[in-house]
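Subject: The structure you asked for

Hi there,

My notes on what turned up follow just below.

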Amino acid sequence: MLDGATGRLSLPSGFVVGPDTTLAHFKADAAYASARETVQAKSFTICSIDGGLHQGREVLTSLYFDGQALRSVKLTFSSPLSSPAWREPPAEFAATKGVHDTLLALWLGRPHAKRDGDLQYLLAWGEVWSCIDPRAGDAAITVRYR
């Protein structure tokens with residue numbers, strides 16, 4: 001799903017993004033037509049899209065653009081057959097993060113750093129984090145492009 005060599009992220013829905021994805025490219029894709037919660041502030045745009053299903057879990061996906069450049073992608077593999085991730089009780093965040101950590105190990109191998117339970121991968125095209133964010137009320141994988 002995430003190619004460590006190129007930074008290309010292939011979602012179960014069929015949508016593919018990477019370091020070279022632009023806002024114009026995204027707006028031309030069918031995924032844009034079904035985007036939820038498009039937020040625009042000056043040159044910053046945030047779009048939430050349906051990432052599809054992975055092993056019974058909904059892949060909640062947000063794309064963050066600065067001008068035309070894709071800066072980051074946030075992924076949450078929600079609990080199967082439960083409420084949306086943002087409604088999960090904090091005890092479930094650890095289980096969701098465990099799923100994220102397992103997927104990243106499969107895709108990228110061993111993390112380069114581990115701090116307070118957060119995993120970090122440093123790659124030529126950017127970095128990847130797996131963490132629990134109690135302020136946002138979720139566990140997520142964040143892919144940041146340079």
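You will find Lys-42 in the loop between strand E3 (36-41) and strand E4 (44-54). Its backbone is worth a look too: phi of Lys-42 is near 55°, a positive value in a residue other than glycine. Most residues other than glycine have a negative phi. Please keep in mind that this is a predicted model.

Asp-116 has a positive phi of about 50° although it is not a glycine. Asp-116 sits in the loop between strand E7 (113-115) and E8, and with 79% relative accessibility it counts as exposed.

Now for the overall picture. The protein chain has 3 helices and 10 strands. Read from the N terminus, the elements run β-β-α-α-β-β-β-β-α-β-β-β-β. How does the radius of gyration of the protein chain agree with that of a compact globule? A compact globule of 146 residues would have a radius of gyration near 15 Å, and the protein chain has 15 Å, so the two agree. Along its principal axes, the C-alpha trace spans about 40 × 35 × 30 Å. Buried residues account for 41% of the 146 residues. Of the contacts with a separation of 6 or more, 39% are between residues 24 or more positions apart.

The aromatic residues come next. A search of the whole structure gives 6 aromatic pairs. One of them is Phe-26 with Phe-65: the ring centres are 5.8 Å apart and the planes are at 25°, so this pair is stacked. Phe-26 lies in helix H1 (residues 23-28) and Phe-65 in strand E5 (residues 57-66), so the pair ties together parts that are 39 residues apart in sequence. Phe-26 is buried, with a relative accessible area of 0%, and Phe-65 is buried with a relative accessible area of 0% as well.

Another pair is Phe-77 with Trp-107. Their ring centres are 6.4 Å apart and their planes are at 50°, so the pair is tilted. This pair also links distant parts of the chain, with Phe-77 in strand E6 and Trp-107 in helix H3 (residues 90-108), 30 residues apart. Phe-77 is buried, at a relative accessible area of 0%. Trp-107 has a relative accessible area of 18% and is buried too, because the class covers values under 20%.

Which residues form one aromatic cluster? They are Phe-15, Phe-26, Tyr-32 and Phe-65, so the stacked pair of Phe-26 and Phe-65 is part of that group.

Helix H3 also holds Leu-103, which counts as buried at 9% relative accessibility. Leaving aside its neighbours within four places in sequence, Leu-103 is in contact with His-54 and Phe-77. Leu-103 and Leu-2 are 101 residues apart in sequence, and their C-alpha atoms are 9.2 Å apart in space.

On to the second largest pocket, which has a volume of about 270 Å³. Its lining is made up of 14 residues, and Lys-74, Cys-131, Asp-133, Thr-142 and Arg-144 lie nearest its centre. The elements that give two or more residues to this lining are strand E6 (69-77), strand E9 (126-133) and strand E10 (138-145). By type, the lining divides into 6 nonpolar, 2 polar and 6 charged residues.

Asp-133 from that lining is found in strand E9. Is Asp-133 buried, partly exposed or exposed? At 22% relative accessibility, Asp-133 counts as partly exposed. The C-alpha atoms of Asp-133 and Asp-118 are separated by 9.8 Å, and the two residues are 15 apart along the chain.

Gln-120 is buried, with a relative accessible area of 14%. Apart from its neighbours within four places in sequence, Gln-120 is in contact with Pro-111, His-112, Ala-113, Glu-127, Val-128 and Trp-129.

Best wishes

How values were computed: Residues numbered from 1 in each chain as written. Predicted model: local features only at pLDDT ≥ 70, side-chain atom pairs only at ≥ 80, totals over all residues. Heavy atoms only, no water. 1 Å grid on protein atoms, 1.4 Å probe; cavity = no way out; pocket = protein on both sides within 12 Å on 5 of 7 lines; lining within 4 Å. Points joined across faces, edges and corners; volume = space filled by probe spheres on them. Helix = DSSP H or I, 4+ residues; strand = E, 2+ residues; numbered from the N terminus. Nonpolar A, V, L, I, M, F, W, Y, C, P; charged D, E, K, R; others polar. Phe/Tyr/Trp six-rings, centres within 6.5 Å; stacked < 30°, edge-to-face > 60°. Buried < 20%, exposed > 50% of the residue type's maximum accessible area, 1.4 Å probe, protein only. Rg over C-alpha atoms; globule rule 2.2 N^0.38 Å. Contact = heavy atoms within 4.5 Å.
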